[in-house]
Amino acid sequence: MQFEEIGNMSGKTLMLLPGTCCDWQTNFGTVIPELAEKYHLICVNYDGFDGSDDIFPDMITVTEKIENYIRENHYGRLDGAIGSSLGSSFVGQLVMRKNVHIDHAIFGSPDLDQSGKVAAKLQSMLVVPLLTSFTKSEKKRNKTKEKLKSFFLMNDETAEKFMTLILESLICNMSSGFSEKKNILSLC
C-alpha cells in the first residue's frame, strides 16, 4: 500500500482515498494541482491497485493500514479525508471505528464527483429522492431497518446507525456541489 504526501506541507492535512481499481492519480488527477496549492495532501493507493504484485486483502485490513499510517505519521488526526466510491467506504470505516480523528469526512461518488455541474445537479435531483425514500415515514423506516437486520444480520442499533450514516452522507454528498473543483477546495 502506498501513501504519498504532496502539496503545501504547512497546509491542512487532506487524505485522498480513491475508488475501486483506481489509483489516486486517476481518481483525483484533475483536482490535484489546485488542492496541492492549499493542502498537505496524503494520497493513497491500495494494495492491488498500486502497481505492486500485492492483492487487495479486505476492507478491515486496509482500514487498519490507513489508521496505522495516520497514527504513525499524523498523530492520529487529519483535517479532512475525501473518499470516492470505495474510498468513501474507507472514510466511513475510519469515522465509525474512532481509532483516528478526522475533522471533515467527505463521501463521494464518481458518478457525481466527476460529472459536469448540470449533469451532477440532474443526477442528484433524481437519485436523492430514491435513496432517501426510506425516511418518508416511520413504517418505511422500520421496514428498511428490518431488511437490513435480516439481510446483513445487523442488530437494531447497527441498522439504525447505518441508515443514519447513509442518509447523512447522501445529503452531504448530493448537496455539496462536488462537481466543480472550486467546491472541493471550499469544503475543507
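The numbered points below go from the overall fold to single residues.

1. **Basis.** This is a predicted model, in which local features need pLDDT of at least 70 and side-chain atom pairs count only at pLDDT 80 or more, while totals for chains, interfaces and linings use all residues. Residues are numbered from 1 along each chain as its sequence is written, and side-chain values use heavy atoms, with hydrogens and water left out.

2. **Overall fold.** The protein chain has nine helices and five strands; helices (H or I, at least four residues) and strands (E, at least two) are DSSP runs, numbered from the N terminus. Read from the N terminus, the order of elements is β-β-α-α-β-α-β-α-β-α-α-α-α-α. Take two residues in contact (heavy atoms within 4.5 Å) and at least 6 apart in sequence: 70% of such contacts in the protein chain join residues at least 24 apart.

3. **Burial and surface.** Of the 188 residues in the protein chain, 40% count as buried. Here buried means under 20% relative accessible area, exposed means over 50%, and partly exposed lies in between (1.4 Å probe, protein chains only). The protein chain exposes about 10,300 Å², and carbon and sulfur atoms supply 56% of that area. Accessible areas come from the Shrake-Rupley method with a 1.4 Å probe; for residues, only the protein chains shown count as cover.

4. **Asp47 and Lys65.** A salt bridge is a side-chain nitrogen of Lys or Arg within 4 Å of a carboxyl oxygen of Asp or Glu, and by this rule there are nine salt bridges. Please look at Asp47 and Lys65, where the closest N and O atoms of the salt bridge are 2.4 Å apart. Asp47 sits in the loop between strand E3 (40-45) and helix H3 (59-74), and Lys65 belongs to helix H3, so the pair ties together parts that are 18 residues apart in sequence. Asp47 is buried, at 3% relative accessible area, whereas Lys65 is partly exposed at 32%.

5. **Glu67 and Arg97.** Which parts of the chain does the salt bridge between Glu67 and Arg97 tie together? The side chains of Glu67 and Arg97 meet at 2.8 Å, N to O. Glu67 is in helix H3 and Arg97 in helix H4 (residues 86-97), so this pair links parts that are 30 residues apart in sequence. Glu67 is buried, with a relative accessible area of 2%, while Arg97 is partly exposed, with 25%. Glu64 joins Glu67 and Arg97 in a network of salt bridges.

6. **Thr63.** Thr63 is also worth a look; this residue lies in helix H3. Its relative accessible area is 0%, so Thr63 counts as buried. Setting aside neighbours within four places in sequence, Thr63 is in contact with Phe90, Gln93, Leu94 and Arg97.

7. **Ile102.** Strand E5 (residues 101-108) contains Ile102, which is buried at 12% relative accessibility. Neighbours within four places in sequence left aside, Ile102 is in contact with Leu78, Gly80, Ala81 and Leu94. The C-alpha atoms of Ile102 and Thr13 are separated by 9.7 Å, although the two residues are 89 residues apart along the chain.

8. **Lysine patch.** Lys139, Lys140, Lys143 and Lys147 form a positive surface patch. Patches are made of residues with over 30% relative accessible area and no salt bridge; like charges are joined within 9 Å, and nonpolar side chains (Val, Leu, Ile, Met, Phe, Trp, Tyr) within 5 Å. Lys and Arg count as positive and Asp and Glu as negative, with His and the chain ends not counted. The place of a charge is taken as NZ of Lys, CZ of Arg, CG of Asp or CD of Glu. Lys140 is found in helix H7 (residues 138-152) and is partly exposed, at 44% relative accessibility.

9. **Lys149 and Asp156.** Lys149 forms a salt bridge with Asp156, with the closest N and O atoms 2.8 Å apart. Lys149 is partly exposed at 21% relative accessibility, and Asp156 is partly exposed at 41%.

10. **Backbone angles to check.** Cys21 is not a glycine, yet its phi is positive, near 60°. Cys21 is in the loop between strand E2 (13-17) and helix H1 (24-28), and is exposed, with a relative accessible area of 62%. Ser85 likewise has a positive phi, near 55°. Ser85 is in the loop between strand E4 (77-84) and H4, and is partly exposed at 32%.
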